[in-house]
Amino acid sequence: MQVSKELLDLLNRAIARELQVSIQYMWQHVLWRGVKGFAVKDELKKIAITEMKHAEAVAERLAYLGGTPTTKPDPIFVGQTLKEMIKKDKKDEETAIALYKKIIETSRKEGDTTTARLFKKILEEEEDHHDIFTSLLEEI
Ligand SMILES: [Fe+2]
Ligand SMILES: [Fe+2]
């Protein structure tokens with residue numbers, strides 16, 4: 001399977017941000033404070049693990065396509081208050097949704113239906129995360 005350098009680069013951008021959010025959500029899970037923090041910490045842990053699985057799945061696909069997966073996460077933002085944390089997390093999920101729609105479109109164009117299918121599944125989960133963070137923000 002031969003794909004473009006553009007698609008390989010997009011997959012590496014996806015890995016960098018999956019690594020970023022998995023560490024970001026994990027540290028937010030560790031550094032929570034107060035009653036509201038208590039209410040969301042388990043969810044943050046669950047989502048952090050999901051993001052790590054995304055990083056792994058995308059890296060496996062990239063390696064199969066002949067690319068080298070990056071080990072470097074995008075800049076991590078933990079935040080001081082719960083509101084600051086969840087606000088940034090919501091934004092990061094929006095970035096993921098936009099990027100993964102582009103990856104689905106590009107891989108389809110190149111006839112790489114496997115990558116398209118993988119990102120369709122991941123996109124569903126990112127939309128779910130976005131939904132969770134959006135709902136949480138209403139109450140913080
Ligand atoms: Fe993810
Ligand atoms: Fe996510």
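Predicted model: local features only at pLDDT ≥ 70, side-chain atom pairs only at ≥ 80, totals over all residues.
Glutamate 105 is partly exposed, with a relative accessible area of 49%, where partly exposed means between the limits of buried, under 20% relative accessible area, and exposed, over 50%, taken with a 1.4 Å probe on protein chains only. Residues are numbered from 1 along each chain as its sequence is written, chains are lettered from A and ligands numbered from 1 in the order in which they are written, and side-chain values use heavy atoms, with hydrogens and water left out.

To return to glutamate 105, its side chain meets that of lysine 109 in a salt bridge at 3.9 Å, N to O, a salt bridge being a side-chain nitrogen of Lys or Arg within 4 Å of a carboxyl oxygen of Asp or Glu. The two residues are 4 apart in helix 3, about one helical turn, with helices taken as DSSP runs of H or I of at least four residues, numbered from the N terminus. Lysine 109, at 69% relative accessibility, is exposed.

By this rule there are 9 salt bridges, among them one between lysine 102 and glutamate 6, at 3.8 Å from N to O. Lysine 102 belongs to helix 3 (residues 82–109) and glutamate 6 to helix 1 (residues 5–30), so this pair ties together parts that are 96 residues apart in sequence. Lysine 102 is partly exposed at 39%, and glutamate 6 is partly exposed at 43%. Another salt bridge joins glutamate 43 to lysine 46, with the closest N and O atoms 3.7 Å apart, and both residues lie in helix 2 (residues 34–64), 3 residues apart, or about one turn.

Now for the metals. Which residues coordinate the iron ion (ligand 1)? The donors are Glu18 through two OE atoms, Glu51 (OE), His54 (ND1) and Glu126 (OE), at 2.0 to 2.3 Å, counting as donors N, O and S atoms within 2.8 Å of the metal, or 3.2 Å for Na, K and Ca, and bearing in mind that water is not among the atoms, so sites may look incomplete. Histidine 54 lies in helix 2 and glutamate 126 in helix 4, so this pair ties together parts that are 72 residues apart in sequence. Histidine 54 is buried at 4% relative accessibility, and glutamate 126 is buried at 0%.

The iron ion (ligand 2) is coordinated by Glu51 (OE), Glu93 through two OE atoms, Glu126 (OE) and His129 (ND1), at 2.0 to 2.3 Å, and along the chain these donors follow the spacing E-x41-E-x32-E-x2-H. The two iron ions are 3.8 Å apart, and glutamate 51 coordinates both. Glutamate 126 and histidine 129 both lie in helix 4 (residues 113–137), 3 residues apart, about one turn of the helix, and both are buried.

Finally, the helix packing. The axes of helix 3 and helix 4, lines fitted to C-alpha atoms over the stretch in contact, with angles from 0 to 180 degrees between N-to-C directions, come within 9 Å and cross at roughly 160°. That makes helix 3 roughly antiparallel to helix 4, a description used for angles over 145 degrees, with those under 35 called roughly parallel, 65 to 115 roughly perpendicular and the rest oblique.
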